[in-house]
Amino acid sequence: MTVTVSDAPRAQRFEARLGGELAGFAEYIRTPRLIAFVHTEVYPAYEGQGIGSALARSGLDVARAEGLEVLAACPFISGWMARHPDYLSLSYKNRSRVTD
């Protein structure tokens, strides 16, 4: 079966479905310039089937297409980006010059 990922903006998450059933999601907080991935969850019955990778790739592809920087607070998304260096250019860079 093919994993289908769609954005559910009202729920602030990307949802992955397999055979029409919700298999997992990646929650985010979004601003006009940034998307912060805060939690990714794959339901136990769907683990090991590429659901998490599909969520990461789809969410990051949307960020790239929309010119958003990515703050990967979620360890899964952060680790996925580290293993796929072509997505590292999306990483948020703090440009503040404020110091304590």
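**View 1. Gly-19 takes a positive phi near 65° in the hairpin of E2 and E3, which has two residues between the strands.** The model is predicted; local features need pLDDT of at least 70, side-chain atom pairs count only at pLDDT 80 or more, and totals for chains, interfaces and linings use all residues. Residues are numbered from 1 along each chain as its sequence is written, and side-chain values use heavy atoms, with hydrogens and water left out. Strand E2 covers residues 13-18 and strand E3 residues 21-30; strands (E, at least two residues) and helices (H or I, at least four) are DSSP runs numbered from the N terminus. Six bridges link E2 and E3 in the antiparallel sense, where pairing requires that DSSP finds at least two bridges between two strands. Phe-14 has Ala-26 in E3 as its bridge partner.

**View 2. E3 pairs with strand E4 (residues 34-42) in the antiparallel sense.** Seven bridges hold this pairing. Ile-29 has Ala-36 in E4 as its bridge partner. The hairpin from E3 to E4 runs through three residues.

**View 3. Helix H1 (residues 51-65) crosses helix H2 (residues 75-83) at roughly 75°, with the axes coming within 10 Å.** H1 is therefore roughly perpendicular to H2 (65 to 115 degrees; under 35 counts as roughly parallel, over 145 as roughly antiparallel and the rest as oblique). Axes are lines fitted to C-alpha atoms, for helices over the stretch in contact, and angles run from 0 to 180 degrees between N-to-C directions.

**View 4. Gly-52, Ser-53, Ala-56, Arg-57 and Leu-60 of H1 meet Phe-76, Ile-77, Trp-80 and Met-81 of H2.** Contact means heavy atoms within 4.5 Å. By class, six nonpolar, two polar and one charged residues make up the contact of H1 with H2 (Ala, Val, Leu, Ile, Met, Phe, Trp, Tyr, Cys and Pro count as nonpolar, Asp, Glu, Lys and Arg as charged, and the others, Gly among them, as polar).
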